[in-house]
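Subject: Structure for you to look at

Hi,

Here is the structure I promised to pass on.

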Amino acid sequence: MLAAFVHGFILALGLILPLGAQNVFVFNQGASQPKFRGALPVIITASLCDTLLILLAVIGVSVLILTVPALQIGIFSIGLFFLLYMGWSIWNSEPADVRKKESAMSPKKQIMFAISVSLLNPHAILDTIGVIGTSSIQYTGQEKAAFTAATIFVSWFWFFCLGIAGKAVGQLDTNGKFLKGINKASALMIWGVAIYIAVQFIHLF
C-alpha cells in the first residue's frame with residue numbers, strides 16, 4: 001500500500017508541477033488578492049475540480065465520457081471560449097490595491113474561472129485520464145485507495161502552496177509593476193493553452 005501511495009504522489013507531482021493555465025491562475029490570484037483568504041475560493045475550487053477529475057479517471061467514468069464525440073466537441077468548444085475570455089479579462093485587469101478590497105477579482109469570478117480552466121481544459125482532462133487513470137488500473141482495493149489519496153493530496157497541497165507563494169510575491173510588489181507583469185504573462189500563457197487546444201481540436205476532428 002505504501003508503494004502505491006508513493007507512486008501516486010510522485011506521478012501527481014510530476015503532472016502538476018509544469019506551469020499551465022490552472023497553476024498560473026491560482027498563483028495570479030494569490031498575488032492579486034489583498035489578503036490570503038481572498039484567494040481561497042480559487043484554491044479550493046481548483047482542488048475540488050482536480051479531485052473530481054482524479055476520481056472519475058480512477059473509476060473509469062471519464063474514459064466513457066470522452067468516447068462520445070459530441071461531448072468531446074462540447075468540452076473543447078466551451079473550454080476554448082472560457083480560456084480566451086479568461087486571458088482577455090486578466091490581460092486588462094489592473095493589479096489589486098491592497099487597501100481596496102473591491103479592486104480584486106470577486107469570489108464568484110474566481111470560482112467561474114477556476115472551474116473553466118480545470119474542468120473545461122481538454123489537455124488537463126486527457127492528462128488525468130491518460131496518466132492517472134491508466135496507472136491506477138494496476139491497483140485494487142486498499143492499494144488503489146492509497147494511490148488515489150496520494151494524487152488528491154498532492155493537488156490540494158500544491159494549490160495552497162501556489163496561493164501562498166503568490167501572496168508572498170504580491171506583498172513584495174508595493175508599486176504593482178511586477179503584478180502587472182504577472183497579469184500579462186498569465187494572459188499570454190492562458191492564450192497559449194487556448195491555441196494548443198484549438199490545434200488539438202483540429203487534429204482530432
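This is a predicted model: local features need pLDDT of at least 70, side-chain atom pairs count only at pLDDT 80 or more; totals for chains, interfaces and linings use all residues.

**How the helices pack**

Let's start with H2 and H6, which cross in a left-handed way (left-handed if the near helix is turned anticlockwise from the far one by less than a right angle, right-handed if clockwise). On the H2 side the contact uses Ala21, Gln22, Phe25 and Gln29, and on the H6 side Gln110, Phe113, Ala114, Val117 and Ser118; contact here means heavy atoms within 4.5 Å. By class those residues are five nonpolar, four polar and no charged (nonpolar is Ala, Val, Leu, Ile, Met, Phe, Trp, Tyr, Cys and Pro; charged is Asp, Glu, Lys and Arg; polar is the others, Gly among them). H2 covers residues 21-32, and its axis packs against that of H6 at an angle of about 160°, 9 Å apart. The axes are lines fitted to C-alpha atoms, for helices over the stretch in contact, and the angles run from 0 to 180 degrees between N-to-C directions. That angle makes H2 roughly antiparallel to H6 (under 35 degrees is roughly parallel, over 145 roughly antiparallel, 65 to 115 roughly perpendicular, and the rest oblique).

Residues are numbered from 1 along each chain as its sequence is written, and side-chain values use heavy atoms, with hydrogens and water left out.

**The overall picture**

The chain has nine helices and zero strands; both are DSSP runs numbered from the N terminus, helices being H or I with at least four residues and strands E with at least two. Of the 205 residues, 44% are buried (buried is under 20% relative accessible area, exposed is over 50%, and partly exposed is in between, with a 1.4 Å probe and protein chains only). If you take the contacts between residues at least 6 apart in sequence, 87% of them join residues at least 24 apart.

**H3 and its two partners**

H3 has 20 residues and spans 28 Å from its first C-alpha to its last, close to the 28 Å expected at 1.5 Å a residue (the expected span is 1.5 Å times one less than the number of residues). After H3 comes glycine 60, with a positive phi near 90°.

How do H3 and H6 run relative to each other, parallel or antiparallel? Their axes come within 8 Å and cross at roughly 30°, so the two helices are roughly parallel. The crossing is right-handed. From H3, the residues Pro41, Val42, Thr45, Ala46, Cys49, Leu52 and Leu53 meet Pro107, Gln110, Ile111, Ala114, Ile115, Ser118 and Leu119 of H6. That contact has 11 nonpolar, three polar and no charged residues.

With H8 (residues 141-172), H3 (residues 40-59) crosses at roughly 160°, the axes coming within 9 Å. H3 and H8 are therefore roughly antiparallel, and their crossing is right-handed. Among the residues making the contact are Ser47, Asp50, Thr51, Ile54 and Leu55 of H3, and Ile152, Ser155 and Gly163 of H8. The contact divides into 12 nonpolar, six polar and two charged residues.

- Isoleucine 152 sits in H8 and counts as buried at 17% relative accessibility. Leaving aside neighbours within four places in sequence, it is in contact with Thr51, Ile54 and Leu55. Its C-alpha is 8.1 Å from that of serine 47, 105 residues away along the chain.
- Serine 155, also found in H8, is buried at 2%. Not counting residues up to four places away in sequence, serine 155 touches Ile16, Ser47 and Asp50.
- Glycine 30 lies in H2 and is buried at 1%. Glycine 30 and glycine 163 are 133 residues apart in sequence, yet 4.3 Å apart in space, C-alpha to C-alpha.

Cheers
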